Every structure is written in structure tokens, then in C-alpha cells.
Amino acid sequence: MAHTRLKIPILSTITTTAIKFSNSSLLHGYRRHICHCSSPVSISQNQQRQPQIRSPQLVALEYADLSIPYIVCEELGATRVRQHVNPLSSTLSIPVEVPNWNDVFEDPKLPLVVDVGSGSGRFLMWLAKRNHGSKNYMGLEIRKKLVTRAEKWAKELSLSNIHFVFANATISFKELISTYPGPLMFVSILCPDPHFKKRHHKRRIVQKPLVEAITDSLMPGGQVFIQSDVLEVAVDMRNYFDAESAKVVFESDLACDNEGWLLSNPMGIRTEREIHAEFEGAKIYRRIYRKLS
Ligand SMILES: C[S@@+](CC[C@H](N)C(=O)[O-])C[C@H]1O[C@@H](n2cnc3c(N)ncnc32)[C@H](O)[C@@H]1O
């Protein structure tokens, strides 16, 4: 599915609701990649009068047809969320309790799509809304407040094919998926936290046990989609999945550049981090792998 960029002619086309909604979105503070567009950039009087588009407004526009009720955004949007949590802390090193799948999905035998590090959850909700009745969606997220808010949004949207789990995905993925009654058809790991310092690389979400759990659990023909706006992180993830060549292969049907990165986003929707990064002019490095039969 080709991705269509939104065209934003003038700020006045953005509704009040959309702007308020955007205020609740999270900007991740990658110091070297951060969006600086919210700070005043006025140099001359003339420039001051120009409307400034900010990347949270682009997120609001891209997700406008999700129609998350404004009242719910108001209620929970101001929630302050810690920018990072330490996945190596003792409380996050224990696998989460497996849910009763009949309680969380209307039909727990449908093929499952898992988003690892689902952030606000809007990306997954957008997909769940479009594929209601044919797929289930599960977001794994280590920041509890984001999970609480995502669950509330999903309920307001009456989505019975989506569930968010407060979990350290690196620790809990295997156990959660092993009990799911249907096949695992798709896993995405999109713009994971980079943890730039070498001594913090072990905090990165993509570690060998998670990669093994994903590649073992996927159904034949199932896919893994990885992407990052940080080349070093993308290469790190790529190396992990390339090493599983006995189980998964690079999806060669999709157009890619000379280095083997996909030319475009195949999902039809960008994640929030992706929108912020592209707004800043960053390149997104993407790969899709397919499970061998
Ligand atoms: C940079 S954000 C990207 C969010 C979203 N995928 C996107 O592209 O907009 C990375 C997310 O992964 C979550 N995360 C980091 N480590 C995690 C872990 N071990 N398990 C689950 N989620 C994790 C963070 O809390 C954060 O919400």
C-alpha cells in the first residue's frame, strides 16, 4: 500500500479540535534529532506573521480520521509521561501475566498483529479500525500511562480487536504470544528508543531473545517490519534479523535502495515518531522480513 503524504496548505485549515488533540501527543526528546519547531523562530516582523506548522499538528492531521473524541483527549492528554523508563529495572524484568484472550478480543482466533513499543497507540488503532473483524492488534508498551490512555481511547472508539499491554516487550513477548489462540501474522518495531550511549545499548528493545521469540512465533509467511530514523539503530536491528536467515528472509518484493532499505512506508500510515522525524528532514530506514514456510 503506497503511503500518501498529507498536504497542508495553511494553518487555518487545521480545526481547533485537531490542535487541542495535537497537544496531547508526545514528542520524544532525542537531543540530536529533536523537533525544534516549537521554539520561536521569528527573525523579522514579516516572518512572525507567517503561520508555523508544528509536527504535533501534522500528527493530529494524519490521524484525524481516527476521530478520538476530544473530551477523552482533554481528560487524559495533559497526563505527564516520563520520557524514558529503565527496562532493566527489577520490576520490569518479570514477564507480565497473560490475559484471558476471550476477555480482551471479541474473536481471539483471528490473526494477530503486534506493535512492540507502541507509544501512544494511535498507529495501531488506525490499523485496527480499518481491519475490524479480520485481524487482532496488540500493543506492548513499557510506559504505563500511555497504555492506560491507549486503552481508554480504544474503548471510546469501540474497537474490540485491539488490546494494549503494559509490559517490557523484551521480557514478556514470548510468553504472551505462546498462549495466543490464533496465528501471529505481523510484528512491527518502529522507531525504538535509540539509547545512544554504548553502555546503554543493553536497554534497547531489540535484543537477541526478543528477535528469536519473534522469528520462532511468526506463522509461515508472517512478517516483521522494523524501522528507525537513526541509522545506527536500524543497522543494529537489521543485523539481528539478518542473523535469523534460517527462519526469516528479507522481503525482496518491495522496492529498496542500494543499501537494502525500503523506499517507502508500506503501512499506509506513519507512526508519530516517524512524522516528527520526517518533518525534521530525517531519512527513515526500513526493512521487512518474511517467515519461511
Ligand atoms: C521512540 S518511541 C516510538 C513509539 C512509536 N513506535 C512510534 O514510532 O511513534 C519508543 C517507544 O517504545 C517504548 N519502549 C521502550 N522500551 C520498551 C520495552 N522494553 N518494552 C515495551 N516498550 C518499550 C517506549 O516507552 C516508547 O513509547
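Strand E1 covers residues 112–116; helices (H or I, at least four residues) and strands (E, at least two) are DSSP runs, numbered from the N terminus. Leu112, Val114 and Val116 point one way from E1, while Val113 and Asp115 point the other way, and all are buried. Here, buried means that 20 or more other C-beta atoms lie within 10 Å of a residue's own, exposed means 12 or fewer, and partly exposed is in between, with C-beta atoms placed from the backbone. Because five of its five residues are buried, E1 is largely enclosed by the rest of the structure.

This is a predicted model, in which local features need pLDDT of at least 70, side-chain atom pairs count only at pLDDT 80 or more, and totals for chains, interfaces and linings use all residues. Residues are numbered from 1 along each chain as its sequence is written.

E1 runs parallel to strand E2 (residues 136–141), joined by five bridges; strands pair if DSSP finds at least two bridges between them. From E1 the chain passes through H6 to E2, making a right-handed β-α-β crossover (clockwise from the first strand over the helix to the second, with the strands pointing away from the viewer). Strand E4 (residues 184–190) also pairs with E1 in the parallel sense, over five bridges. Leucine 112 stands opposite asparagine 136 in E2, and its bridge partner in E4 is leucine 184.

## The nonpolar core

The largest nonpolar core has 65 residues, and Val187 and Val224 have the most contacts inside it. Such a core is a set of buried Ala, Val, Leu, Ile, Met, Phe, Trp, Tyr and Cys residues joined through C-beta atoms within 7 Å. Helix H6 (residues 122–130) gives the largest share of this core, six residues.

Leaving aside residues up to four places away in sequence, valine 224 touches Val187, Ile214, Leu218, Phe241, Val248, Ile288 and Tyr289 (contact: C-beta atoms, placed from the backbone, within 7 Å).

Helix H11 (residues 272–279) is largely enclosed by the rest of the structure, because six of its eight residues are buried. Its buried residues pack against helix H3 (55–62), H6 and E4. Just after H11, glycine 281 takes a positive phi of about 90°.

H11 also supplies the largest share of the shell around the ligand, three residues. Of the 21 residues around the ligand, Gly117, Gly119, Cys191, Thr271 and Arg273 come nearest.

Technical notes. Two residues are in contact if their C-beta atoms, placed from the backbone, lie within 7 Å. A residue is near a molecule or strand if its C-beta atom, placed from the backbone, lies within 6 Å of it.
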